[in-house]
There are 2 protein chains.
Amino acid sequence: MQKPSIPKGTRDFSPEEMAKRNYIFNTIREVYHLYGFQQIETPAMENLSTLMGKYGDEGDKLLFKILNSGDCLSGISDEELLERNPARFASKACEKGLRYDLTVPFARYVVQHRNEINFPFKRYQIQPVWRADRPQKGRYREFYQCDSDVVGSDSLINEVELIQIMDEVFRRFGIRVSIKMNNRKILSGIAEILGESEKIVDITVAIDKLDKIGLAKVNEELQAKGLSEKAIEQLQPIILLSGTNHEKIEQLRTILAESEIGLKGVEELNFILDRLQYVSLTSGLELDLTLARGLNYYTGAIFEVKALDVQIGSITGGGRYDNLTGVFGMEGVSGVGVSFGADRIFDVLNQLQLYPKDALLTTQLLFVNFGNKEEAWLLPQIARLRAAGIRTELYPEAVKMKKQMSYADAKKIPYVAIAGENEIVQNKINLKNMITGEQKLIIIEDLLTGSCFSF
Amino acid sequence: MQKPSIPKGTRDFSPEEMAKRNYIFNTIREVYHLYGFQQIETPAMENLSTLMGKYGDEGDKLLFKILNSGDCLSGISDEELLERNPARFASKACEKGLRYDLTVPFARYVVQHRNEINFPFKRYQIQPVWRADRPQKGRYREFYQCDSDVVGSDSLINEVELIQIMDEVFRRFGIRVSIKMNNRKILSGIAEILGESEKIVDITVAIDKLDKIGLAKVNEELQAKGLSEKAIEQLQPIILLSGTNHEKIEQLRTILAESEIGLKGVEELNFILDRLQYVSLTSGLELDLTLARGLNYYTGAIFEVKALDVQIGSITGGGRYDNLTGVFGMEGVSGVGVSFGADRIFDVLNQLQLYPKDALLTTQLLFVNFGNKEEAWLLPQIARLRAAGIRTELYPEAVKMKKQMSYADAKKIPYVAIAGENEIVQNKINLKNMITGEQKLIIIEDLLTGSCFSF
């Protein structure tokens, strides 16, 4: 018989991996709660009519589609079958698909429940999503997203708070990061003053490569994309913009003086930076014009977080969008949100060994099992320890001590309690510290008060 | 445009529902941890070769199958297409399916990771499962299961601990329950002494109806199923078995004196009841011979939990099985487990209004927003409160007070802080208790110390 396996691009999570992942999600969740965000969940399956056309043609192909139950072929003519067009076939044989991200289901949720929702709605959502991408290192077909959004409020205070949230989450993780911020309106303004509004995507894509390929090559690329000499020249101070955030803003005010939308973007940035003066951030916040993620989606602020001590892509990102729900017929719902990249954060915490010891600790104390006779004494003691909140196991079988010790070792249980006949007549326990090897005779009350433990 | 919807049988969970569900899962999780259980997760999608044939023919039909990505029709001949056999078609066009329960994926996990697992393996798993059942009240196509199992240990101490776990979970919920226990070996023994071993299923199904249809009808049914008069007569003391658990065990020892397997079951029950004397249970534990859930699967103890104050099916169940992983080619792995029915527990807690107030409390304090001018004073104060762990919001826009108050009301925020120009010059806050309507002028330190709060 073949050893069973799981579909490519998917993962099992072992107890240790789960403890680490729970630490990540719980940390993020706690910070969300401090800011008044509330959790929702949506079903794994959405109607394909909800999902199709929302992620571009490429995205449509990456949706996992669920075959209709019952007779999946009814309603398809012989001609249609023999046409062998996979997309058209799927549109007849499948009504449902697995969610591709959390944004579209959230938009659908907002429209469907508009009358029950208390706006401004601060929601977070931590659930898996599925994409039929080609699996490769660090890219999975099933992975968790961890999104928070405020919808139904245009106030920039929301942007300020989301920056505080990102800062606080990474402070708690102990990951040194740089938070980068940009504004789509500034990018629009730049394209406008260059007279190249329709080339805004080409321009930002090229600027974005400055670090990697250098100025000369960026200019070459801009030329290849058909930007005029004059526009490229005008762009130079923008590409090379430097100094403090405040200095950058002053320069942008001059550069964008003729663009109404550009100046609006500058003032938005300025407001956010102003308000952040009144709260202290742990991380650096940097105005970065090369930041252009999800350009077609964001309409105001754009955020991204990069780890300083690990070479890895952005570990968090987000921004403001104007029209979350228009595609479902509900206009005028703007919002702003961020999404934490749990898998990358997992890798960063691993690489820097930043997991707190107690986040990985499961059982605190294992009682060795010497057989039936001792159980009458042990069971009530163990019940008392558990009632006191001490995570305690009794090894279920009276096998060789060595085997029981190996179990404790493998499970990283820090203390083992040995209570055989000799100890029990004294009403005592031999407590072994599994790290130091130290052993001492104690009474059960020492365990209850924790006076003999240190985890 | 049509209002968007979700597939039938699936659900969205609102913030309030999520708070309740998280309370349920966190309570169960905490108790699992006290007993040394560790969490794992498996992918939503399994290979269909893993799932098919594990749940009977009916189960195979209830699997959600995922259409292969890319060209799903390649490898299917025109003849096969025109044959229009849905099952055969799906076997060619689909390699993956959504998990139907947590047991089969767990068995697959144990076999696949046998060399990394530390046995005895105490694992729990809280994840959704999917079934293409006809949706009806209380039955969904996506629902969470919440399973714990110990595998790789035959010790009855595991049964004892699982009973303690069920007892402790419902004690924490405040749900009064009866824990019912039976043993498959006793049922086998009964069938054996009646000389009707092959009718064991009919017998237990009939016995199970005693409460609903009464003794006369049970006997009629047994007759209809072909049991001899003699067997039915022999069965009477068993159907009518009564008294304390201890008395029932004594009677069973006599009744089953001639059945080796029956006596083995009695001794197993006796051991478990004996050990439970040494720990105090909150709930009643009742030996119930009519309990026969999952008869073809369980080989030893069988458990079920019934709520005493709500009319609803069993809210938790489980038992011991001999051969979890044989179907994947790994013999000799026995185990015992229980599964909490989260949806039914949710309904019971709702009906009895047992949710603790603080489980549903999200934001504790809302600051009214009076406009930009006040933000310079407010933002650092709010940052201090959050740093002290107080879940605090600033309403993001300076809209009418009434609207801000309605927001707090709808979100059930218990306190609203009003700090306008007048208060700020005094460095004070007007704190309004949203339940009593009471209002008092305080300093921010009163908030930090919590001296003016009671949640």
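First, a term: I call it a salt bridge when a side-chain nitrogen of Lys or Arg is within 4 Å of a carboxyl oxygen of Asp or Glu. A search of the whole structure on that basis finds 68 salt bridges over all chains.

Some ground rules. What you see is a predicted model, so local features need pLDDT of at least 70 and side-chain atom pairs count only at pLDDT 80 or more, while totals for chains, interfaces and linings use all residues. Residues are numbered from 1 along each chain as its sequence is written, chains are lettered from A and ligands numbered from 1 in the order in which they are written, and side-chain values use heavy atoms, with hydrogens and water left out.

On to the interface. Taking contact as heavy atoms within 4.5 Å, chain B puts in 104 residues and chain A 103 residues. Buried area here is the accessible area (1.4 Å probe) that two parts lose on being put together, summed over both. For chain B and chain A that comes to about 9,000 Å², with 59% from carbon and sulfur atoms. On the chain B side, L34(B), R84(B) and R386(B) supply 8% of the area buried against chain A, more than any other three residues.

How many salt bridges cross the interface of chain B and chain A? The rule finds 10. In one salt bridge between the chains, E375(A) pairs with R275(B), and the closest N and O atoms are 2.6 Å apart. Which helix gives the most to the side of chain B that touches chain A? That is helix α16 of chain B, residues 372-387, with seven residues. Helices and strands are DSSP runs, numbered from the N terminus: H or I of at least four residues for helices, E of at least two for strands. By class, this side of chain B has 50 nonpolar, 30 polar and 24 charged residues. Nonpolar covers Ala, Val, Leu, Ile, Met, Phe, Trp, Tyr, Cys and Pro; charged covers Asp, Glu, Lys and Arg; the others, Gly among them, are polar.

R386(B) comes up again in a network of salt bridges, where it is linked with K122(A), E161(A), E393(B) and K411(B).

For accessibility, buried means under 20% relative accessible area, exposed over 50%, and partly exposed in between (1.4 Å probe, protein chains only).

The side chains of K61(A) and E58(A) meet at 3.8 Å, N to O. These two are three residues apart in helix α3 of chain A, residues 56-61, so about one helical turn separates them. K61(A) is exposed at 57%, and E58(A) is exposed at 51%.

K180(A) and E286(A) form a salt bridge with closest N and O atoms 3.1 Å apart. K180(A) is in strand β7 (residues 177-183) and E286(A) in strand β8 (residues 284-287), both of chain A, so this pair ties together parts 106 residues apart in sequence. K180(A) counts as buried, at 15%, and E286(A) as partly exposed, at 30%.

In chain B, K412(B) bridges to E16(B), with the closest N and O atoms 3.4 Å apart. K412(B) sits in the loop between α17 (401-410) and β14 (415-418), E16(B) in helix α1 (residues 15-34), and the two are 396 residues apart. K412(B) is exposed at 59%; E16(B) is partly exposed at 38%.

Next, the nonpolar cores. A core is a set of buried Ala, Val, Leu, Ile, Met, Phe, Trp, Tyr and Cys residues joined through side-chain atoms within 4.5 Å. The largest has 162 residues, and those with the most contacts inside it include F89(A), I175(A) and F89(B). Helix α7 of chain A, residues 157-173, gives the most to this core, with nine residues. Beyond four places in sequence, I175(A) is in contact with residues including F170(A), A307(A) and L354(A).

Last, two single residues. T10(A) lies in the segment before α1 (15-34) of chain A and is buried, at 9%. Leaving out residues up to four places away in sequence, T10(A) touches E142(A), P43(B) and M45(B). S91(A), in helix α5 (residues 86-93) of chain A, is exposed at 54%.
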